[in-house]
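Q: I'm new to this structure and would like to learn how to read it. Could you walk me through a few features?

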Amino acid sequence: MKILDLRAYYGSNIYCYRPVIKIILDLAPDGCRPTSELGDFNRRLLSLLPGLGEHHCSRRRPGGFVERLKEGTYLGHVVEHVALELCKVAGQEVIYGKTRRGDGETVYEVIFEYVSAPGGLAAARAAVELVQALLEKKTVEVAELVERVRLAAEEEYGPSTRAILEAARKRGIPVLPLGGGFYQLGYGRHARRIAATITDHTPCTAVDLVQDKQLCNQLLAAHGVPVPESGIARTVEEALALAEKLGPPVAIKPVNGHHGQGVSLFVSGEARVRRAFELAGYYDRRVLVEKQIPGRQYRLLVVGGRLVAASLRLPPRVVGDGRRTVRELVEELNRDPQRGEGHGRPLSKIPLDAVALACLARQGFTPRDVPGKGQAVYLRDNANLSTGGTAIDVTEQVHPANARLAVRVARLAGLDVAGIDVVAEDIGRPLEEQGGAVIEVNAAPGLRMHTHPVEGLPREVGAAIVDHLFPPGVPCRIPIVAVTGTNGKTTTTRMIGAILARAGLVVGLATSDGIYIDGRRVLAGDTTGPVSARLVLTEPEVDVAVLETARGGILRAGLGYEGSDVGVVTNISGDHLGQDGIETLEDLADVKSLVVETVRKHGFAVLNADDPHVLAMAGRVRSRIIYFSLVPDNITVRRHLGAGGTAVFVKNGMLVVARGQQVRRLLSVRRLPASLDGLARHNVQNALAAAAACLGLGVSMEHIRAGLESFHCNLEQNPGRLNILDVQGIRVVIDYAHNAAGYLSMVNVLRHFKGRLIGVIGVPGDRLDEQIKEVGRIAGRNFSALVIKEDAHRRGRRPGEVAALLREGALEGGMHPGRIRVVLPEGEAVLRALLAARPGDTVAIFYEKLDRVVKAIELFRARRRPGEGEKGKNGLQGNILPAT
């Protein structure tokens, strides 16, 4: 078996509304037989992963997958279930999977959901490795594969971050990874950001303050908070002097330290002070020497001015059995699957390092010694979880005075989320009564001790942080409008943006020519995929997102969000057929329908009632529907209105909005600049879709009308879409039509212009031969002359191949060969067409790159004086039109 492709889909996608992993797997040469013909393969598989016996599979009952194995299923299906089981054993609860035949006899597509993308990708590779090993009758270490999956998942985020993200998802708050351990909760202007338990409400000044332990102690002491006496030592002599002054025992720790690193407790005697100073000095040249406070170590977690959890922290220890050494007991404890390196699991492994050796020595032990049965041996004086400590929940035992003190300390430090470390004999009594003290304040406190105590109730501390960031009634989302279809997506998206801007909103727009924030382009390029959608949703000033959503992005990586408020489908026509498994218009509609399938329940799907392929999507929609139509008596619209629905359509030259039996005029078609007095019917259709989308968002009729009346098809508002320029008396029309339907829409406009029509035509090279020739036929029937160019990005075609197909189509359409010129470079082709034109003619340019067209027009203006013929300064020869 061989993995041909492996990828993670991060949002809703064509396979599932949840994130999934996709493997394209070639089973050849040895995996093409069903499992019923593979000897003892099934037995060995189930012995390695007995949990597979509980998988339902398509039978929808436990044991269903085992039945399929016995009947005979293919190994792609087996890989799917093995990957799901590896994820589950590694701590990622997932259930959805799907396997289907791919392109080729032996190729399969394996789909399964994931919790962590790195973990899911690791599970995919491990599943293939396990199945291949079984085929080859090799030994398989399942524990090693599970560990690989677990470690990959832990690299993405630790238990503190996981607790917050899971709590956010439970509340329906969207989560976007920002990279480097940073995450965004919510969208746009309502979003909040976290890095572990540091939030965007946490001042960096507060973090810096508490990292300096001495400075923090001084601040707290000045405000009457009980803290240990302490001092700073920069030399060992200063540390010895402070230890003598404070009196033994003392605690010695780096001033800027964390996770208990470099900390020595209960230090007494010159030799131990020297060793402790050396250890602390490894982490910071400034060393804190403070009076050791007797008692037990507690962590109080404060979130948003409220104590939400408390834990008694216990130092790591082993208990002797009279047989094994300290080292063997530690190794046995570290084999607990709950323990891991660092902070990825509920507990950390116990290190046998210099600190542990010193702690053992004080108890009279070395790692080689055998403790007596029942004898407790400690490996640390401090109780940090990061060095193997454990915790017991004591939230209900905290005295109210101690809770108030913890909240006050967090406020004094300036932290919204804080871990307050205190030492006391009993947390159920006020600290002042028992000589207790606050020994440390922590920014970004770990949550593991509260979510996974070894005793007591787990606490929903992740939810407490989410509630702090998003109190009840505070929004977490901005409205999202997603626009898809074959033609008209960009113009419709821009029209929606113009309307919403008129309504006073800051609009984030993702289109085929870039991302716009509040009308300013901040990123150029084709930004119609999921990455661009996420970029818009992470812009902090955006009130509403309008996302042009193309087929390619949906297929490659899904949507960049989990659900929208309005989804628009403009139309479905022949384009991109023969690519990515899309062979028919039904296939294309199936992909694009994801945009309306994922509209939130209380949102609106905006559907073209004049397009049968779009109408068919209505059965998949879970939200409400608004139809739009160019036909006043469309039967679907009439039935929809009869049921009390909403529609936008054209009647007697007016755009009207109807709800049930109530009909309101929006504006006249002639007052719609983009329609060119009604000639550009495709822009009338786009305006209907835009109006319907904005109605779905609750925008007023007045703002919709104002937005449409002010929207012009010029290079500023709608660059590259039906732009009409006067170039020295020549009418130049620029449009991005790149398929037969788009060319027909443009021809319906162009045929109303007087004078000759010269076309500069081209089609992307990844279209089918017949689709390319059909564009040529349309051009051949409707233009006076043609200049055929090619895209610079030929998409796998040979130079001149697309041009030859277009020329063949144009000849079939009836154009004389003498009126066709092939000029492959786009800029040169535009220049040739302009030189062939005279005042009163129309040159229609169907471009690949708009900037090349604009530069060619500027060059023409600069080099050709009015009345100058084709044999001008540029030297391009060869007229394509006879003189008249």
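Q: Which residues does Lys 22 touch, not counting residues up to four places away in sequence?

A: Keep in mind that this is a predicted model. Here Lys 22 touches Asp 5, Leu 6, Arg 7, Tyr 9 and Tyr 15, and also Glu 109, Val 110 and Ile 111. You'll find Lys 22 itself in strand 2, which covers residues 20–26.

Q: Is Lys 22 buried or exposed?

A: For this you check the relative accessible area against a cut-off: under 20% is called buried. Lys 22 has 9%, so it's buried.

Q: With which side chain does the side chain of Lys 22 make a polar contact?

A: With that of Tyr 15, at 2.7 Å. Tyr 15 is also one of the residues in the list of those Lys 22 touches.

Q: Let's move on to cores. Which residues touch the most other members of the largest nonpolar core?

A: The general idea first: in soluble globular proteins, nonpolar side chains tend to be buried together. In this model, the largest nonpolar core has 74 residues, and the ones touching the most other members are Ile 496, Leu 655, Leu 666, Ile 704, Leu 708 and Phe 783. Helix 24 (residues 681–696) gives the most to this core, contributing 10 residues. Apart from that core lies another one, of 45 residues, including Val 79, Val 82, Tyr 108 and Ala 127.

Q: What is Ile 704 in contact with, leaving aside its neighbours within four places in sequence?

A: Its partners are Ile 499, Leu 666, Ala 691, Cys 694, Leu 695 and Val 699.

Q: Now helices. At what angle do helix 4 and helix 5 pack?

A: Two packed helices are described by the angle between their axes and the distance between the axes. Helix 4 (residues 117–135) and helix 5 (residues 142–156) pack at about 160°, with axes 7 Å apart. Angles over 145 degrees count as roughly antiparallel, so helix 4 is roughly antiparallel to helix 5. The contact includes Ala 122, Ala 123 and Ala 126 of helix 4, and Leu 145, Val 149 and Ala 152 of helix 5. The crossing is right-handed.

Q: How do helix 27 and helix 28 cross?

A: The axes of helix 27 (residues 769–782) and helix 28 (residues 801–812) come within 6 Å and cross at roughly 50°. That makes helix 27 oblique to helix 28. Their crossing is right-handed. Among the residues making the contact are Ile 772, Val 775 and Gly 776 of helix 27, with Leu 805, Leu 806 and Gly 809 of helix 28.

How values were computed. Residues numbered from 1 in each chain as written. Predicted model: local features only at pLDDT ≥ 70, side-chain atom pairs only at ≥ 80, totals over all residues. Heavy atoms only, no water. Core = buried A, V, L, I, M, F, W, Y, C linked by side-chain atoms within 4.5 Å. Buried < 20%, exposed > 50% of the residue type's maximum accessible area, 1.4 Å probe, protein only. Helix = DSSP H or I, 4+ residues; strand = E, 2+ residues; numbered from the N terminus. Contact = heavy atoms within 4.5 Å. Polar contact = N/O pair within 3.5 Å; in protein donor to acceptor, adjacent residues only side chain to side chain. Axes fitted to C-alpha atoms, helices over the stretch in contact; angles between N-to-C directions. Parallel < 35°, antiparallel > 145°, perpendicular 65-115°, else oblique. Left-handed = near helix turned anticlockwise from the far one by under 90°.
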